[in-house]
Amino acid sequence: MILTGFALMTASCSVFKKNRAEGFNSGDAIPLYPVATSTSTDRSLSGHWYIKSVGSTTLRSIEDEEWPFLEFVPTEARFYGMDGCNVVNGSYRVGNGNSLELSNVATTMKLCDGDSLAYPIARALNSTRGFTLSNGPDGTSLLNLVDNAQRTVMTLRKSDIDFLNGAWQVTAINGKDINVADARLVFDVDANTVRGNAGCNRLMGDISRNPQVSTALQLTNLATTRMTCPDIQTESALLIALEEVTTAKRKNDSTVELLDDAGHSVVTLHRLSKADILNNE
C-alpha cells in the first residue's frame, strides 16, 4: 500500500515544493544560461498536469487556483500537487512497460468540504500501478494513470509550456522589431518563475497557468529594479506587454511568441545558447 492513513509527512521533509527566495540577488543578473530542468532520460511524465477526471468524476467549474494538479520532477524523482484542498507530494519511479510506482505519498491535513476530491484522488494515487500517454482531439497531451487491471483511475491534461524553459532574447514587442542586447528573459517552468532583464532593469516574476488551456501562460507578480535608463520607453513597452500575455506559441525550436487574449503577438523571443551569451559579454 502506498498510503497509510494518507498522513502528514514529518517535519524533516516539507510537503511543499521549494519556493524561490524573496527579492533580487546576484543569481538574478545576466548572464542567463538555459535552464536544464532534468538530466533524466525519462521525460515522459515531466511537467505540470491538471487533473481532468478521477474515477467517474469529470472536473468542471473549479476556480483556476483551486484546480487539482500533479507535477512530476524527474531531477528529484518526486511529484508535487494539490487535490483541491490539501497539498500532496511523494516519490515516483517509472519501470518497464510504463509501470509507475508512487511511494512516500503525503498530504497536509486541512479539513475539506464534504464534496472535496481529496479522497477520490488519494484512492486513485493509491491504486496507480502504471500509465499511458495520448493526445486529445485538440492535440493536448493526456496522461492516464491505471491500476493493476489497466483501468484508468485518473486522467490528466498537460500544461504544455515546457518549451519555454531556458534563456531568450526579446526580438520584438507588439510586432515591432527591437535591438536591445540586454532585453532577455529566462523561464524556469518547473519552478514557475521568470527572471531576466527588461533592457536596463532586472526583473523577476511568477508563471501562472489556466487549467483548461494547455499553452496558457500568465506572468504575475512582476517586479523590477529601479535604475534610471536611457531607453525607458522600450523597457516600459516590454513590461506592459508581458502583463498582457495569456498564451505561449512555439513557432519553431528557436522562436516563441507570447500572445494576448486576442491572439496577437505581444512579445517575440529567440532562444539563446550559452555561447550566444558568452559572445555578447
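Good morning, colleagues. Residues are numbered from 1 along each chain as its sequence is written, and side-chain values use heavy atoms, with hydrogens and water left out. Since the model is a prediction, local features need pLDDT of at least 70 and side-chain atom pairs count only at pLDDT 80 or more, whereas totals for chains, interfaces and linings use all residues.

I begin with the disulfides. A disulfide is a covalent bond between the sulfur atoms of two cysteines; here the criterion is a pair of cysteine sulfur atoms within 2.5 Å. How many disulfides does a search of the whole structure find? The search finds 2. One of them joins C85 to C112, with an S to S distance of 2.0 Å. The link of C85 and C112 is left-handed, with -95 degrees about the S-S bond. C85 lies in the loop between β4 (78–82) and β5, and C112 in the loop between β6 and α1 (118–127), so this pair ties together parts that are 27 residues apart in sequence. The helices (H or I, at least four residues) and strands (E, at least two) that I name are DSSP runs, numbered from the N terminus.

For accessibility, I call a residue buried under 20% relative accessible area, exposed over 50%, and partly exposed in between, using a 1.4 Å probe and protein chains only. On that scale C85 is buried at 16%, while C112 is partly exposed at 25%.

The other disulfide is formed by C200 and C229, whose sulfur atoms are 2.1 Å apart. Its torsion about the S-S bond is about -80 degrees, so the disulfide of C200 and C229 is also left-handed. C200 sits in the loop between β13 (193–198) and β14 (202–208), and C229 in the loop between β15 and α2 (232–244), so the pair ties together parts that are 29 residues apart in sequence. C229 is buried, at 11% relative accessibility. Counting bonded cysteines along the chain, the disulfides follow the pattern 1-2, 3-4.

I turn to the aromatic rings. Rings of Phe, Tyr and Trp (its six-membered ring) pair if their centres lie within 6.5 Å; planes under 30 degrees apart count as stacked, over 60 as edge-to-face and the rest as tilted. The whole structure contains 3 aromatic pairs. In one, the ring centres of Y50 and F69 are 6.4 Å apart and the planes stand at 65 degrees, so the pair is edge-to-face. Y50 belongs to strand β1 (residues 47–54) and F69 to strand β3 (residues 69–73); the pair links distant parts of the chain, 19 residues apart. Are Y50 and F69 buried or exposed? Both are buried.

Another edge-to-face pair is that of F72 and Y92, at 5.0 Å centre to centre and 85 degrees between the planes. This pair also links distant parts of the chain, with F72 in strand β3 and Y92 in strand β5 (residues 87–94), 20 residues apart. F72 and Y92 are both buried. Together with F79, these two residues form one aromatic cluster.

Next come the salt bridges, defined as a side-chain nitrogen of Lys or Arg within 4 Å of a carboxyl oxygen of Asp or Glu. The structure holds 4, and I will describe some of them. R93 and E101 form a salt bridge with the closest N and O atoms 3.2 Å apart; R93 is exposed at 52%, and E101 is partly exposed at 39%. R151 and D147 form another, at 3.0 Å. Here R151 is exposed at 54%, whereas D147 is buried at 10%. K251 and E257 also meet in a salt bridge, at 3.8 Å from N to O; K251 is exposed at 52% and E257 is buried at 14%.

A word on the backbone. Most residues other than glycine have a negative phi. N104, in strand β6 (residues 100–107), has a positive phi near 50 degrees and is exposed at 53%. N221, in strand β15 (residues 218–224), has a positive phi of about 55 degrees and is exposed at 57%.

I close with the lining of the second largest pocket, whose residues divide into 6 nonpolar, 3 polar and 6 charged. In this scheme Ala, Val, Leu, Ile, Met, Phe, Trp, Tyr, Cys and Pro count as nonpolar, Asp, Glu, Lys and Arg as charged, and the others, Gly among them, as polar.
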